[in-house]
Amino acid sequence: MTGESRPIDLKNVKINDPFWKGEMELVRKEVIPYQWEAINDRVEGAEPSFAMRNFKLAGRITAKRRELSDDYREVIWPVDIFQTLPKDMDHLEDRFYGFLFQDTDFSKWIEAVGYSLTQHPDPELEKTADEAIDIVCAAQQDNGYLDTYYIINDMSRIFTNLRDHHELYCLGHLVEGAVAYYLATGKDKLLNAAKRFADYVYSRFGKEEGKIHGYPGHEIAEMALVRLYEVSGDEKYLELSRYFIDERGTRPYYFDKEHPGEEEKRGGKPGYHYHQAHVPVRQQDEAVGHAVRAVYLYSGMADVARLTGDESLKQACRRLFDNIVNKKMYITGGIGGTNIGEAFSFNYDLPNDLAYSETCAAIGLVFFARRMLQMDADSRYADVMERALYNTVLSGMALDGKSFFYVNPLEVNPKACHEDARKAHVKPVRQKWFGCACCPPNIARLVSSVAAYAYTESEDTLFMHLYVGGTVKKEYPEGSVVWEVDADIMDKSRVRVVCSEAAPEGTEGTIAIRIPDWCDSYTLSCKDHAHELHKGYEYIRGTFRKGEEIELVFDKKLKIMQAASAVSEDHGKVALSYGPFVYCIEEKDNGKDLHLLSVDTDASKAVFEKTVIAGNEATRIIMPGKREKIRDGALYSEYRAAEYEDAKLIFIPYYTWANRGEGEMRVWIGR
Ligand code: FUB
Ligand code: ZN
């Protein structure tokens, strides 16, 4: 029984699960085309992305630079570090527009396109993607450098502000997009461009004298370089990733060399902690700073730890994972309790109405959890992955795929969002797009590659971490076994896998199916095959024959949850969860003043009803409760016992909230 695994090749999976197929179809039909329009600035009323425009201009500059003498190569356009949005879109100047990392709008789009093509071949989309790749590659410098911000502005200043300027973040996303597109189509133009950029970065960074001893201000290159290593087999990418990880937090601080005296002026803590650079990563035991950056870093650390067998790095990953899950994660799997710095707050500080809980951060937690699972198939990692995915990540996208949340609060009063500047980051309804459009394309790339989170494999074992139905092929040296997976956790709470194609007689294999934390008991039918429960997975071993069936039925019950006493925000409150879903109440079903409602904690009184929310089927839960009667108008009055009336509380899955207009919402409710 081996614990280590790698994500399944997406070409070996065909998802037909009604729930996940639905989500993936939204991404394919709505998000990817919309995103293409957005990165080409063709969406009326939305903030322009400028991504493709910047690449086109950079391409012209690159061509021009080739014609110029060395003296003029570096600066040919004026430097404009502080970007401003143009007033007149019809008369744009030839300069860089948008956020510094706008190139990643393209990279995330192409990544989602790649995954989507593995599930749904689409020659038209592939043609559009190839044309976009031509535009992007034309911008690349002869030395491999590829970040339009500096190509357009000033090549002499590249890598001079790693702390704030996201060049290595752009590299990371480019690599991820290029790998996905290559694996889907076999076309290597973008992959070669990404490799050339990575090669250039490799030539400029490292321990050696004369190289830059720095690391990314916004992590992601760490895990992306590992993907590049895995797809190319070239060790230098793993080495570079490891270098970035090892260098972070060492002294003297690299960012001090870049920005002398600045961190000191800020009192030290915010800056270094914000970048997870306060101490070397192996000494870190608390998740701090910008939440997306943090979980992207930890994902890269877990990759490198697994591939190099680095025990101290593995330990650091475990400590950081445990700190997040035990002290810094919302019940919805969201992370990042404060909007100040889009960051983790202190342990147990998990405000519901002020939450940041950025969609990208939950996505990053999914990445981290999957990598922990790859290192060690322990269901506690998959439980967290599932929690983040089925709640915060899915909540990030409307049920029609047309609008998105950046911030995912657990309590909303729309009036406060509109009138209280402290809550201005919290939106009561999803937005069409964002100037800083990090989250929607991140959802697109995760949802369209969900199979790689549901299934991983080792030489011998197919792991099922999430219950996503479809056809899954496991390859063995002797031949393949194909499994038809019917994963009906919504209605029947069961997973049935049927062997539809057997490997040659005598091929032994194992299928390991996770037992979720939301079930108290389960029954397994697997004929006469040997099975064993290990770290939350049922390992079923044998020579599987065509038509053979394995079935797991989970005892799914409503859970009335409470938070640790240290979470003052949730004191005296409960939240409901059912299967992988956390539930919430909305004004639409329960009227105004949700804070006056309290729920009966006897789970046996729950009534489950099928309902339709914005055209989508869901299960709602009806619980008895009370509504506190409104007292007289005085702001303060002498205490007298509250009066209550009976109430019927209607709960819906958290990911479905805000799909029926604006209104109050709460996850944690009085009891
Ligand atoms: O800085 C790039 C992305 O923009 C981050 O990951 C998000 O948190 C948003 O700030
Ligand atoms: Zn985001």
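Predicted model: local features only at pLDDT ≥ 70, side-chain atom pairs only at ≥ 80, totals over all residues.
Residues are numbered from 1 along each chain as its sequence is written, and chains are lettered from A, with ligands numbered from 1, in the order in which they are written.

**Domains**

The domain assignment, automatic or from a database, gives domain 1 (50-81 + 96-258), domain 2 (454-556) and domain 3 (560-670). The centres of domain 2 and domain 3, taken over C-alpha atoms, are separated by 37 Å. Five residues of domain 2 are in contact (heavy atoms within 4.5 Å) with five residues of domain 3.

**Nonpolar core**

A nonpolar core is a set of buried Ala, Val, Leu, Ile, Met, Phe, Trp, Tyr and Cys residues joined through side-chain atoms within 4.5 Å. Buried denotes under 20% relative accessible area, exposed over 50%, and partly exposed the range in between, with a 1.4 Å probe and protein chains only. The largest such core has 225 residues, and Phe106 and Trp109 have the most contacts inside it. Helix α16 (residues 359-375) supplies the largest share of this core, twelve residues. Helices (H or I, at least four residues) and strands (E, at least two) are DSSP runs numbered from the N terminus. Leaving aside residues up to four places away in sequence, Phe106 touches Ile39, Ala51, Met52, Phe55, Ala132, Ile133, Val136, Leu174 and Leu190.

**Helix α9**

Helix α9 (residues 221-232) has twelve residues and spans 16 Å from its first C-alpha to its last, close to the 16 Å expected at 1.5 Å a residue; the expected span is 1.5 Å times one less than the number of residues. Nine of its twelve residues are buried, among them Glu222 and Arg227. The buried residues of α9 pack against α4 (103-119), α7 (167-185), α8 (189-204), α10 (235-247), α14 (291-308) and α16. After α9 comes Gly233, with a positive phi near 75°.

Strands are taken to pair if DSSP finds at least two bridges between them. Strands β1 and β4 (residues 455-457) run antiparallel and are joined by two bridges; Pro7 has Thr456 of β4 as its bridge partner.

**Strand β15**

Strand β15 (residues 573-578) is largely enclosed by the rest of the structure, because six of its six residues are buried. Lys573, Ala575 and Ser577 point one way from the strand, and Val574, Leu576 and Tyr578 point the other way.

| Partner of β15 | Bridges | Residue pair |
|---|---|---|
| β22 (residues 669-670) | two bridges | Val574 with Ile669 |
| β16 (residues 581-586) | two bridges | Ser577 opposite Val582 |

Strands β15 and β16 form a hairpin with two residues between them, and Gly579 in the turn has a positive phi of about 60°.

Methods:
Heavy atoms only, no water.
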